[in-house]
Amino acid sequence: MFSSIIDNSVGLTAQSTVFCTLTSAVLGLVAALLYRLNNPRASKNLMVTLVVLPVLVQAVIMLVNGSVGAGIAVMGAFNLVRFRSAPGTSREICYVFLVMGIGLATGMGYLGFALIITLAAGLILALLGFSPAFGIVKTAKLLRILIPEDLDYMTCFKDIFAEYLSSARLVMSKTVSMGTLYELRYEIVLKSAEKEKEFLDKIRERNGNLTIACSILTDNHEEM
């Protein structure tokens, strides 16, 4: 069904190399734009990587195509994902593997196949990214509370949580300040966003006016 533009009997030509390189860059740009569409706070460095990585993988595959070391080179190219400067979320890893797949396809001359996997995988990732069933609840927040060591954190906020929250889950508890305080972290969903200040005031009265922080819950905990 798919045919390669690279003629193995002739080898690499300037024309086929240019076509493959341009295709890699364009499809990498498409993947980067899809990533940007799903991630408003997208990293500029990662977007640049998504554009350039298909070209680099394609160059490696072209150089070793037809040799005994081709398999080793492919594995080495895919292992590049381990050496990223910062850990990424599972979704970012998917985009990295997508552009590496593009580079593999274009490096072997299968431009039509590269186009199809870009559109298919990109469309799936985009649709799932916008689907509420596959994302964090938009109203979910991270609540951090400091309390004195003599306060029972398992029951002290129970009535306040029942009044103001749809859900609350204790995700971490630890001692701070040489054991004189406890730091609690909850994943919460407010019943009404307009009552957030009133909710925090109630907590402040209960914890002795110690530090309280309420922030947007991100999905950075999904690192791979």
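Helix axes here are lines fitted to C-alpha atoms over the stretch in contact, and angles run from 0 to 180 degrees between N-to-C directions. Helices (H or I, at least four residues) and strands (E, at least two) are DSSP runs, numbered from the N terminus.

This is a predicted model, in which local features need pLDDT of at least 70, side-chain atom pairs count only at pLDDT 80 or more, and totals for chains, interfaces and linings use all residues. Residues are numbered from 1 along each chain as its sequence is written, and side-chain values use heavy atoms, with hydrogens and water left out.

**Exercise 1. Describe the overall make-up of the protein.**

Step 1. Take the elements: the protein has seven helices and four strands. From the N terminus on, their order is α-α-α-α-α-β-α-β-β-α-β.

Step 2. Turn to burial (buried: under 20% relative accessible area, exposed: over 50%, partly exposed: in between; 1.4 Å probe, protein chains only). Of the 224 residues, 33% are buried.

Step 3. Check the contacts (heavy atoms within 4.5 Å). Among contacts with a separation of 6 or more, 71% join residues 24 or more positions apart.

**Exercise 2. Work out how α1 packs against α4.**

Step 1. Geometry: helix α1 (residues 14-38) and helix α4 (residues 90-107) have axes that come within 9 Å and cross at roughly 165°. Therefore α1 is roughly antiparallel to α4. The classes are: under 35 degrees roughly parallel, over 145 roughly antiparallel, 65 to 115 roughly perpendicular, the rest oblique.

Step 2. Hand: the crossing of α1 and α4 is right-handed. That term applies if the near helix is turned clockwise from the far one by less than a right angle; anticlockwise is left-handed.

Step 3. Residues: the α1 side includes Cys-20, Leu-27 and Tyr-35, and the α4 side includes Tyr-95, Leu-98 and Ile-102. The contact of α1 with α4 holds nine nonpolar, four polar and two charged residues. Here Ala, Val, Leu, Ile, Met, Phe, Trp, Tyr, Cys and Pro count as nonpolar, Asp, Glu, Lys and Arg as charged, and the others, Gly among them, as polar.

**Exercise 3. Are Thr-118 and Ile-147 buried or exposed?**

Step 1. Thr-118 lies in helix α5 (residues 111-130). Thr-118 counts as buried because its relative accessibility is 0%. Beyond four places in sequence, Thr-118 touches Leu-27, Val-30, Leu-98, Ile-102 and Leu-123.

Step 2. Ile-147 sits in strand β1 (residues 140-148). Ile-147 also counts as buried, because its relative accessibility is 0%. Outside four places in sequence, its contacts include Tyr-153, Phe-157, Leu-184 and Leu-210.

Step 3. Ile-147 and Val-176 are 29 residues apart in sequence and 9.9 Å apart in space, C-alpha to C-alpha.
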